[in-house]
Amino acid sequence: MNAQAETREWYTGRFTRFEEGLNGASGSSLHALRRDGFAAFAASGFPTTDQEEWRFTSVAPIAATQFTPVLAYDQSGVTEGDLHDWILARTGGILLVFINGHFSRALSPEPALPRGVTAGSLAVALAGDPSLVARYFAPDRAGEDPFASLNTAFLIDGAFVRVDPGVTLDTPVEILSLSTSVGAPLLVQPRHLIIAGERARVVVVESYGGRGRGTCLTNAVTQIVVGDGGVVEHDKLQMENQDSFHVGTTRVSLGREAKFTSNTINLGGALIRNNVSARFAGEHAECTLNGLSVATGTQLVDNHTVIDHAVPHCESHELYKSVLDGSARGVFNGKIFVRQDAQKTDAKQTNKTLLLSDDATIDTKPQLEIFADDVKCTHGATVGQLDEEQVFYLRARGIGDTEARDLLTFAFATDVINRVHLDALREKLDALLHTRLRQGRVTLET
Amino acid sequence: MSLLEVRNLHAGVQGNAILEGINLRVEKGEIHAIMGPNGSGKSTFAGVLAGREAYVVTEGEVTYQGKDLLALSPEERAREGLFLAFQYPVEIPGVTNMYFLKAALNAIRKHRNLEELDAMEFLALVRQKMKIIDFDQSLLNRPVNEGFSGGEKKRNEIFQMAVLDPTLAILDETDSGLDIDALRIVAEGVNKLRSPENAVVVVTHYQRLLNYIVPDFVHVLIDGKIVKSGGKELALVLEEKGYDWIRTESGAVPALAQEAGPK
């Protein structure tokens, strides 16, 4: 039996077991969606490097592992004290905690939700309103890749956040997903749905952390809908352990005059793939995608972004930066589509990479496909090392060689962190980055 | 013991000899000017003293406060009180002037077993030093030299010198790119920082900076050697007659003949 057939057989077994446990709910529209998702995944299997979208990132280690989907909630020994390393300090906001993809009522403080705000478990929301499937999930299936289909196949829980039209949520919603693999490799698949109504405003921080050192695949899908005139900031912070695989899909739709900002920060994990795609559904909207990846050892961080200018008069800005040390590998692929009708589009994409060692590599690929003629589109990619003249300048003022290099590396990276609007998150990221860069240096020296 | 003693210094880049036997002695309280035409080795000399790695010393020695200067790393030299004002100050995006200077000052203080300054103490010091060089406060919170005008960059060098309070300051073509007003402000700053406990080496092509920073000694550097030394009046002679008469007098090959001659 070849590897792909083995994979199919393994996940078919998991899916059958899942269906058997559904206890009569298998006739629901939700389960029909899952079946579609599973069929798509079973037909394609995991992607290979023969496919253009996966040319630089081999997921063979994922395909070769038999991951067991987590089908039900279990607190897995996680205590409130364990959360402190991962959560933001003093935001006064809403905290939703997920253990292996399932909402933890015990660990999520009962929030005082303002009027017009829903924040909690997607499973609960789906039970109360099955039409969410037809309105949000079914239409989204068309753009799924095999990982997103696998997530759909086992869609059970995740965060559900809805901010009603005209409502501004002053404090952030924090969605923390912790994985707790210790024995058999776990497949953790949260599904988050974030809906901001017309002129609604919300900041969502989606964090991933891990407890223990076991192998785990987090395969998350986040769907964000920004209504007309809505303003949403989505900060994703990936801090999982060095044995973890993380595939994250974020799909965003922007209404007329909507503003959306995404900051994707990758600090942990063995293999990370982020797919962030945004689509303009109404005119005069603005989309900003920022990313920062700090990797060392044998880590691989792959950021794929797509911005679809489907309508005229929209603006997009993109800044992705990587700091790669050791034998780390980075991939950036930034697609920008400007459709024939999308006149007066203004799109700017920048990708910058700092290589701190001879063995670190980056594959960067801007991909602009422009079918309209009255547009402004620019892109630029730079790959380089620390500027020795800058290092010397700092040393000539008494700053040590190592400190000078750290300072310059930090300055390179902090450019992205400074774009995060939330103070508490910026402070946490500064601290994490300092620690992370120090770790990277130790790895380099040993 | 002299503050700085350079003996028979030979140095170059990738096998090309640039300095061919420099001798120089600097005592505390003195100002020395090193003048010379383009390509004579002035900036190389400043770079060797500050510890630029591109330059290889092939012969000779340099003692600074009795220590073997050439054995020290650039940061150790700075911590021991040596300061180079760069001819081309470097822009450092993402690092504010404040952060940079505090890190530098505290690295120096730590080396001297002094308490590191906290943010408040540092700010008080900076406020006091800003007056010396008429430094605009808004530049403090901007990234180091990024988007600064030529004059602001040079003024920032002298401001750093004021904060770090070096024992030996080397000003590498600090006058280049400055208009006359900026030149005066920079020179006045240097004069205010002067004391019997420190010394300044001014490296320059033109005499005009020396109208404001009056040297005790003037040395003429040609083809990697100091060919003539004198008092401040030597600078005026150079301004009037150029460098060629010294080449002739000292037996150095005239510039034109050298360029045309066989390789």
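**View 1. Chain A as a whole: 49% of its 446 residues count as buried.** A residue is buried if 20 or more other C-beta atoms lie within 10 Å of its own, exposed if 12 or fewer, and partly exposed in between, with C-beta atoms placed from the backbone. This is a predicted model: local features need pLDDT of at least 70, side-chain atom pairs count only at pLDDT 80 or more, and totals for chains, interfaces and linings use all residues. Residues are numbered from 1 along each chain as its sequence is written, while chains are lettered from A and ligands numbered from 1 in the order in which they are written.

Chain A holds 9 helices and 21 strands. Helices (H or I, at least four residues) and strands (E, at least two) are DSSP runs, numbered from the N terminus. The radius of gyration of chain A is 21 Å, close to the 22 Å of the globule rule for 446 residues, so chain A is as compact as a globular protein of that length. That radius is taken over C-alpha atoms, and the rule is 2.2 Å times the number of residues to the power 0.38. The C-alpha trace of chain A spans about 75 × 50 × 50 Å along its principal axes.

**View 2. Parallel strands in chain A.** Strands pair if DSSP finds at least two bridges between them. β17 (residues 315-324) and β19 (residues 346-355) of chain A run parallel over 10 bridges. A:Glu315 stands opposite A:Asp346 in β19(A). β19(A) also pairs in the parallel sense with β21 (residues 376-384) of chain A, over 9 bridges. There, A:Asp346 has A:Lys376 as its bridge partner.

**View 3. An open sheet in chain B.** Its 4 strands follow the order β2-β1-β4-β5, with antiparallel pairing. β2 (16-26) and β5 (67-68) of chain B stand at the edges with a single partner strand each, so one side of each is left without a neighbour in the sheet. β4 (residues 56-64) and β5 of chain B are joined by 2 bridges. B:Tyr64 has B:Lys67 in β5(B) as its bridge partner.

**View 4. Where chain B touches chain A.** Here 19 residues of chain B are in contact with 16 residues of chain A. Contact means C-beta atoms, placed from the backbone, within 7 Å. On the chain B side, α2 (74-79), β7 (92-96), α3 (97-111) and α5 (150-164) give two or more residues each. This side divides into 14 nonpolar, 2 polar and 3 charged residues. Ala, Val, Leu, Ile, Met, Phe, Trp, Tyr, Cys and Pro count as nonpolar, Asp, Glu, Lys and Arg as charged, and the others, Gly among them, as polar.

How values were computed
Two residues are in contact if their C-beta atoms, placed from the backbone, lie within 7 Å.
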